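Hello,

Have a look at it first, and then read on for my notes.

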Amino acid sequence: MDTDRNTTEKAARRFSLRWQLAIGMASGFFVIFIIFALIVTALVQKYYGNPPDAMIMWLWSIVILGGFAIFIFAFLLTRLILRPVTLIESTIEAFEDDPMTDVRVSEVGANDEFSDLTRILNRTIDRLQGLIGAQQQFVSDVSHELRTPVAIVKGHMELLNRWGKDDPEVLDDSIKSSLAEVQRMETLINEMLNLTRAEQIPIENIKEITDVGGTVHRVYDNFKLIHPDFIFTLDDDLSQQAEVKIRQDHMEQILIILADNAVKYSLDRREIHFALSQTANRVEIGVQDFGEGLSAKDSQRVFDRFYRVDKARSRAKGGNGLGLSIAQRLVEAYGGEIALESAEGSGSIFTIHLPLYHEDENENAGS
C-alpha cells in the first residue's frame, strides 16, 4: 500500500493535470498572440512601411507578459476547478488505509459533474462500509453462537470415539443430540443470512407493490389453521385497498415472525389479536398477545441480535433471538417503523408503520 501511495505521489510531482491545463492554456495564448503580432506587423509594413522598433517591442512585450499572466490565471483557475479531484483522491486513499474510515468528500458549492461524482462516491463508501460491517457482524455473531453447538457435537463424537459406539443406548443418545444441534446450527445460519439480507435491501430498486390487507388476512387465516388451540381475531379498519412498496414475501415474513412470537409466549391466555388501520400517508398493522409480557429493560433490548428474555426457556422453544431483529431490519429497510408496547403479565403489542404507496404521486415524480 505504501508503494502504491509513493507511486501516486511521484506521478503527481512529475506532471500533474493542473500543470498540463495551465501550460496548455498559456501555449494557446502564445500561439494566438504571436499570430496576431505577425498579422499586425505585416499590415503596418504593407500600408505604412517598416514599423518602428518601439511598436515591435511593445507587441512582443504584450505577448510575453500576456502569456505569463494567462499561465498564472490558468494555474489558479484549474487549481480551483480540480479541488474536488484532490478531495476525492484524499478520501479514496483514506478508504484504502481504513475501509471503515469516517472521511468523506465534502460537498462542493457548484452543482456540476464534480458534485454529482462526490455524492456518488460518498454513497458508494457508505454502501461498502455497510456491507463490510454486516459481514463482520455476521462472522462475529455466527462464530459466537456456533461455539456451543459445535462443542456439544464434538463432545458426543469424542464420547463415541472412546467407548460409546459399543453401547447402543449411548450411541442412540449421542446421534439424536448431535442431529438436534446440527439442526439448530442450520436454523441459526439461515436466520443470520436472512438478517444480513434484510440490512442490505436497496429500497430504491424495489418495484413490487404489495396489498397489505390481503397479506395480513392470508397470514391470519394460516395461523388460525395451524394453531386451532388459539383464538385469533382481526380488526380490519381499512376503508380502501392499502398498498405499500415492499416485496410480498418480506411482508409475510415480518407478520409471521410477529405472529409466531406471539404464539410462542402466550402460555395461559391463548389469544392473538391482529389489527389493520391507515392514515393519509401510512398503514398500521398491530399484532397483540396476552402472554407473559416484557419488563421495560427487556422491551428496550428485544430487537437486539440474539437477545432472549429467558435464554433457557427461549432455547427450549426453538428461539435464537433473531426473529424480531429480522423483522425490525426489514421494516426499517422499507422506510417504516416498528414499535413495542408491553408490560409484565399483560402481554405485548407490536405495531408496524409503513408508508403508503400512492400511484398518482409516483407517476408525477417519474414524469
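This is a predicted model: local features need pLDDT of at least 70, side-chain atom pairs count only at pLDDT 80 or more; totals for chains, interfaces and linings use all residues.

The protein chain has 367 residues, and 36% of them are buried. Its secondary structure comes to 12 helices and seven strands. If you look at contacts between residues at least 6 apart in sequence, 71% of them join residues at least 24 apart.

Reading across it, the order is β2-β4-β5-β7-β6, and the pairing is mixed. At the edges sit β2 (231-236) and β6, each of which pairs on one side only. From one strand to the next, the twist averages 15°.

β5 (residues 282-289) runs antiparallel to β7, and eight bridges join the two. To find your way along this pair, note that R282 has P355 as its bridge partner in β7, while V287 stands opposite F350.

β7 also pairs with β6 (residues 337-343), again in the antiparallel sense, this time over seven bridges. Here E341 stands opposite I349 of β7. The two strands β6 and β7 form a hairpin with three residues between them, and G345 in the turn has a positive phi of about 85°.

Now for the helices. α11 (residues 323-333) lies across β6 and β7, and runs at about 25° to β7. Helix α7 packs on the sheet too, where it touches β2, β4 (271-278) and β5; the direction of α7 makes about 170° with that of β2.

What does α7 pack against at an angle of about 40°? The partner is α8 (residues 248-264), and the axes of α8 and α7 (residues 212-226) are 10 Å apart. That angle makes α7 oblique to α8. The crossing of these two helices is right-handed. On the α7 side, the contact is made by T215, V216, R218, V219 and F223. On the α8 side, the residues include M251, L255, I256, A259 and V263, along with the charged E252 and D260. Taken together, the residues of this contact divide into eight nonpolar, two polar and three charged.

I hope you enjoy exploring it!

Best wishes

Terms used:
Residues are numbered from 1 along each chain as its sequence is written. Side-chain values use heavy atoms; hydrogens and water are left out. Axes are lines fitted to C-alpha atoms, for helices over the stretch in contact, and angles run from 0 to 180 degrees between N-to-C directions. Helices (H or I, at least four residues) and strands (E, at least two) are DSSP runs, numbered from the N terminus. Angles under 35 degrees count as roughly parallel, over 145 as roughly antiparallel, 65 to 115 as roughly perpendicular and the rest as oblique. A crossing is left-handed if the near helix is turned anticlockwise from the far one by less than a right angle, and right-handed if clockwise. Contact means heavy atoms within 4.5 Å. Two strands pair if DSSP finds at least two bridges between them. Buried means under 20% relative accessible area, exposed over 50%, partly exposed in between (1.4 Å probe, protein chains only).
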